[in-house]
Amino acid sequence: MHPNEAPHSFSVSKANRTQLRLSHKIITEDQLPQIIKRVAGVDVAYIDELAIGAVAVLDYESLELLEQQTATCQAKFPYIPTLLSFRELPPTFACIKKLKLQPDILLVDGQGAAHPYGCGFASHLGLAIGKPTVGVAKSRLIGESKVIAGQEFLVQKDQIIGAVVTTKECVKPVYVSVGHLISLGTAVKIAKHCVRNSRIPEPILQAHKIASEEKGEVKRKRKTL
């Protein structure tokens, strides 16, 4: 399959309907342990037809890396706007299954409920694995910024769908939204807690680094064949 073509059996409209159906299953109330011990970040890198999923599990308080896993599989779907989860869920799910230390919550580089069909990658992943997830996106898909009671939110059709969060002074904000099994307020607090030297939370940065390193290793192996 060409990397820019969807499988013949794949229907974008059907996938969008699936997202709408899944959006009604998202739980926007906190269902977290009383004390969060471990937080994870996930990321996916690509080499041609291969998708490389990476997960980094960190200690919640110290943000020390505790465990990392990767999984490589065929990328079955191309990049299609609003349908990122169908492309990234298989490699992400595969590497999470390898973990010996399960996280209490996962941060995802992507949208949660702040999505045109109400269910971005963070929400889709949370529903698939039954764990709390938070979407932390570098750009917004929908919604307008609006200050309410001194806090900046993403608002769509008079509904709050996410928060505009400035994690570092003089840098662009990130867009935090509910993935699954968490409230927006708690999602924002956790995302801010996990920020260190970058505007992006540390678990996501670590996962990105691990995915990039594994991608480099795959490239080196290909050259030696």
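**Cysteines, sheet and pockets in a predicted model**

Cys73 is partly exposed, with a relative accessible area of 24%. The model in which this residue is examined is a predicted one. Because buried means under 20% relative accessible area and exposed means over 50%, the residue falls in the class between them. Cys170, by contrast, reaches 83% relative accessibility and therefore counts as exposed.

What is the bonding state of these sulfurs? A disulfide is a covalent bond between the sulfur atoms of two cysteines. The structure holds zero disulfides. For Cys73, the nearest cysteine sulfur belongs to Cys95 and lies 9.2 Å away. Since a disulfide requires a pair of cysteine sulfur atoms within 2.5 Å, Cys73 is in no disulfide.

Cys73 also gives a way into the sheet, for this residue of β3 stands opposite Ala51. Strands of a sheet pair through backbone hydrogen bonds, either parallel or antiparallel. β2 and β3 pair in the antiparallel sense, over nine bridges. Their hairpin has five residues between the strands, and among the residues of this hairpin Leu63 takes a positive phi near 60 degrees.

Arg38 stands opposite Asp59 of β2. The hairpin of β1 and β2 has two residues between the strands, and Asp48 in the turn has a positive phi of about 50 degrees. Strand β2, which spans residues 50-59, is mostly covered, with nine of its ten residues buried.

These strands belong to an open sheet of nine strands, arranged in the order β3-β2-β1-β4-β5-β9-β8-β7-β6 with mixed pairing. Which strands stand at the edges? They are β3 (65-74) and β6 (144-148); each has a single partner strand, so one side of each is left without a neighbour in the sheet. From one strand to the next, the twist averages 30 degrees. Within the order, β5 (residues 133-137) pairs with β9 in the antiparallel sense over five bridges. The bridge partner of Gly135 in β9 is Ser177.

Strand β9 leads on to the pockets. Along with α1 (12-23) and β8 (159-165), β9 (174-180) supplies at least two residues of the lining of the largest pocket. The largest share of that lining, four residues, comes from β8. The largest pocket holds about 490 Å³ of space. Its lining consists of 21 residues, of which Ala113, Gly118, Gln159, Ile160 and Ile161 lie nearest the centre. By class, the lining of the largest pocket has ten nonpolar residues, ten polar residues and one charged residue.

The second largest pocket has a volume of about 400 Å³. Its lining is made up of 24 residues, and those nearest its centre are Tyr79, Leu84, Asp109, Gly110 and Gln111. Two elements give two or more residues to this lining, namely β1 (38-47) and α2 (84-97). The lining of the second largest pocket divides into eleven nonpolar, eight polar and five charged residues.

Technical notes: Residues are numbered from 1 along each chain as its sequence is written. This is a predicted model: local features need pLDDT of at least 70, side-chain atom pairs count only at pLDDT 80 or more; totals for chains, interfaces and linings use all residues. Side-chain values use heavy atoms; hydrogens and water are left out. On a 1 Å grid over the protein atoms alone, a cavity is a set of points where a 1.4 Å probe fits but cannot get out, and a pocket is an open set with protein on both sides within 12 Å along at least five of seven lines; lining residues have an atom within 4 Å of a point. Grid points are joined across faces, edges and corners, and a volume is the space filled by probe spheres set on the points. Ala, Val, Leu, Ile, Met, Phe, Trp, Tyr, Cys and Pro count as nonpolar, Asp, Glu, Lys and Arg as charged, and the others, Gly among them, as polar. Two strands pair if DSSP finds at least two bridges between them. Axes are lines fitted to C-alpha atoms, for helices over the stretch in contact, and angles run from 0 to 180 degrees between N-to-C directions. Buried means under 20% relative accessible area, exposed over 50%, partly exposed in between (1.4 Å probe, protein chains only).
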